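Dear colleague,

I am passing on to you the structure we spoke about, and I would be glad if you opened it beside this message and followed along. My notes on what was found come after it.

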Amino acid sequence: MQNLVHKDFRNSFVNNFKGDESGDLSPRQTPGVLYSKAIPTPVKQPKLLAWSQDLAAQLKIAMPTKEDIEVLSGNKITASMYPYAARYAGHQFGNWAGQLGDGRAITLGEWESEKQKWELQLKGAGPTAYSRRADGRAVLRSSVREYLMSEAMHHLGIPTTRALSLVSTGEDILRDMFYDGNAAFEPGAIVLRTAPSFLRFGSFEILAAGKEIDNLEKLVHWTIDNYYPHISGENKVLEWFKEVVEKTAFLMTEWQRVGFVHGVMNTDNMSILGLTIDYGPFSFLDDYDPNFTPNTTDLPGRRYAFGNQPSIGYWNLGRLASALLHFFDETDELEEALSSYENIFWQHYYAMMGRKLGLDKVTETDKKMIGRFEEVLGTVKPDMTIFYRLLIKVTPEMQKEEILNLFAPSFYTKPEGNSKMAFLDLIQEYAERIRSNQISQAERKELMEKANPKFIIRNYMLHQAIEELEKGDNQLFEKLQAAMKNPYADAHQEFFKKRPDWATQKAGCSMLSCSS
Ligand code: AMP
Ligand code: MG
């Protein structure tokens with residue numbers, strides 16, 4: 001165990017690539033470089049609000065001292081750190097947006113331990129060359145959301161960046177939460193987040209767009225050597241792209257499994273390692289609605305709605321493939337690799353749904369039933385999390401009344417008429433299928449409990465926890481932090497409830513804007 005201030009950073013990214021070393025924080029285009037040096041802007045009164053003990057143990061970092069908290073808030077940079085903001089571009093809502101870059105993220109440094117690379121990055125530590133017209137800061141509200149949700153996703157077993165600490169800054173920031181002209185001051189905060197790398201699809205897109213071929217070649221090979229070291233041979237770039245396709249397809253099925261909606265799947269928010277990255281106006285589904293988007297900026301198109309995520313994953317991979325065209329004389333193989341996404345996705349998807357439904361295997365008939373689950377759930381719109389946990393309790397002997405009683409706690413609207421019939425038919429079909437399962441009831445239960453979380457952090461819970469934290473009360477925050485560490489346990493009865501009525505209409509409890 002070592003204190004953060006004593007950690008010896010190696011910084012292979014900045015040592016390998018061209019950067020703008022001026023330290024100039026004024027917003028600008030920085031062609032030809034991959035990063036710009038950015039010293040965090042100090043804050044008044046840093047206070048540690050949360051610390052991820054198990055991540056710290058993995059990183060072998062000791063409990064923070066007062067001096068460490070200065071690092072976590074951007075007030076102190078140690079000798080071996082090299083703080084920088086990365087340059088990248090992106091397609092936002094389907095349109096090329098040009099240079100974006102880390103406008104409010106500053107990487108402090110990286111090191112390698114037990115063959116695993118770690119990059120440490122502050123989010124909200126002040127302006128960088130890429131802040132454009134914004135302030136480089138993050139509000140407590142969005143920082144609590146990123147801190148809790150990225151850790152929650154980790155404990156759900158879903159690839160994600162992680163968060164080590166949450167610090168309040170003692171400074172207020174002006175934000176227009178709903179972009180409606182009602183700006184207000186909100187408390188500021190900083191999250192220290194970690195990942196093996198924060199490189200995005202957009203990190204490659206910007207080099208291809210600017211025809212910075214030397215930089216592009218170097219970045220692609222460096223990425224492969226460092227993060228995909230098992231890839232060798234003639235067709236390295238192709239093999240690598242195939243793995244990114246695979247990881248992205250897998251991530252999409254994992255989001256579908258738990259009902260996670262990212263909300264801003266722009267190519268600058270797509271990790272090259274297939275991690276969930278850049279937590280903004282995300283949400284879990286409450287009622288099962290494939291059309292749900294938590295992002296007010298995403299209306300009316302609903303490009304990033306729950307049910308669209310897999311096809312957006314594919315679209316984004318298409319943008320990455322375009323950025324890699326330089327490496328190919330003929331594009332056939334690259335196109336083939338891209339179009340393999342669909343098959344790979346469905347394979348992962350059916351395997352995942354098989355586990356969610358507790359099936360011994362997934363046959364062609366089962367695939368049809370899975371399709372009907374999608375259809376009927378989309379009509380009845382029960383609470384997704386509650387529905388799947390209750391499904392564990394279904395037995396082949398159950399009668400219609402019993403079925404309706406069992407699922408009653410999951411209905412926002414009690415199904416009537418045709419949708420009631422369709423719902424009962426589906427559950428009875430499922431019950432019949434369970435009868436022929438080649439695994440025991442106990443095994444089915446175990447399989448389903450591992451695939452269907454009992455606890456998810458819902459937006460209204462975050463909203464409440466944040467409101468209380470702003471008043472200095474951390475009870476709910478602590479409760480959520482404890483519960484998220486064990487999301488599949490048959491516990492959490494207190495939180496095993498539908499979204500309450502009051503939260504349906506309340507601002508910030510269902511939909512959020514990007515400034516969240
Ligand atoms: P996002 O979609 O939230 O990941 O952010 C899109 C772009 O806006 C990125 O380049 C961010 O760094 C930048 N950005 C978002 N909020 C701020 C802020 N408060 N200050 C500076 N840049 C920001
Ligand atoms: Mg982003």
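Let me begin at the surface, where Asp329, Glu330, Asp332, Glu333, Glu335 and Glu336 gather in a patch of negative charge. Please keep in mind throughout that the model is predicted.

The strands come next. Strand S8 (residues 116-123) is mostly covered, since seven of its eight residues are buried. On one side, S8 runs antiparallel to strand S7 (residues 105-113), and eight bridges join the two; within this pairing, Trp111 stands opposite Trp118 in S8. The hairpin of S7 and S8 has two residues between the strands, and there Glu114 takes a positive phi near 45°. S8 also pairs with strand S11 (residues 184-195), again in the antiparallel sense, over five bridges, and here Glu119 is found opposite Ala195 in S11.

Now to the charged pairs. Side chains of opposite charge can pair when their charged atoms come close, and a search of the whole structure finds 33 salt bridges. One of them joins Lys236 to Asp225, with the closest N and O atoms 3.4 Å apart. Lys236 lies in helix H7 (residues 236-258) and Asp225 in helix H6 (residues 213-227), so this pair ties together parts that are 11 residues apart in sequence. Both partners are partly exposed, Lys236 with a relative accessible area of 22% and Asp225 at 45%.

Lys242 is partly exposed at 36% relative accessible area, and Glu239 is partly exposed at 32%.

Asp24 and Arg28 form a salt bridge as well, their closest N and O atoms being 3.6 Å apart; Asp24 counts as partly exposed at 32% relative accessibility, and Arg28 is partly exposed at 22%.

Finally, which residues are linked in a network of salt bridges? They are Lys123, Glu146, Arg193, Arg200 and Asp278.

With kind regards

Key
Residues are numbered from 1 along each chain as its sequence is written. Chains are lettered from A and ligands numbered from 1 in the order in which they are written. This is a predicted model: local features need pLDDT of at least 70, side-chain atom pairs count only at pLDDT 80 or more; totals for chains, interfaces and linings use all residues. Side-chain values use heavy atoms; hydrogens and water are left out. Patches are made of residues with over 30% relative accessible area and no salt bridge: like charges are joined within 9 Å, nonpolar side chains (Val, Leu, Ile, Met, Phe, Trp, Tyr) within 5 Å. Accessible areas come from the Shrake-Rupley method with a 1.4 Å probe; for residues, only the protein chains shown count as cover. A salt bridge is a side-chain nitrogen of Lys or Arg within 4 Å of a carboxyl oxygen of Asp or Glu. Lys and Arg count as positive and Asp and Glu as negative; His and the chain ends are not counted. The place of a charge is taken as NZ of Lys, CZ of Arg, CG of Asp or CD of Glu. Buried means under 20% relative accessible area, exposed over 50%, partly exposed in between (1.4 Å probe, protein chains only). Helices (H or I, at least four residues) and strands (E, at least two) are DSSP runs, numbered from the N terminus. Two strands pair if DSSP finds at least two bridges between them.
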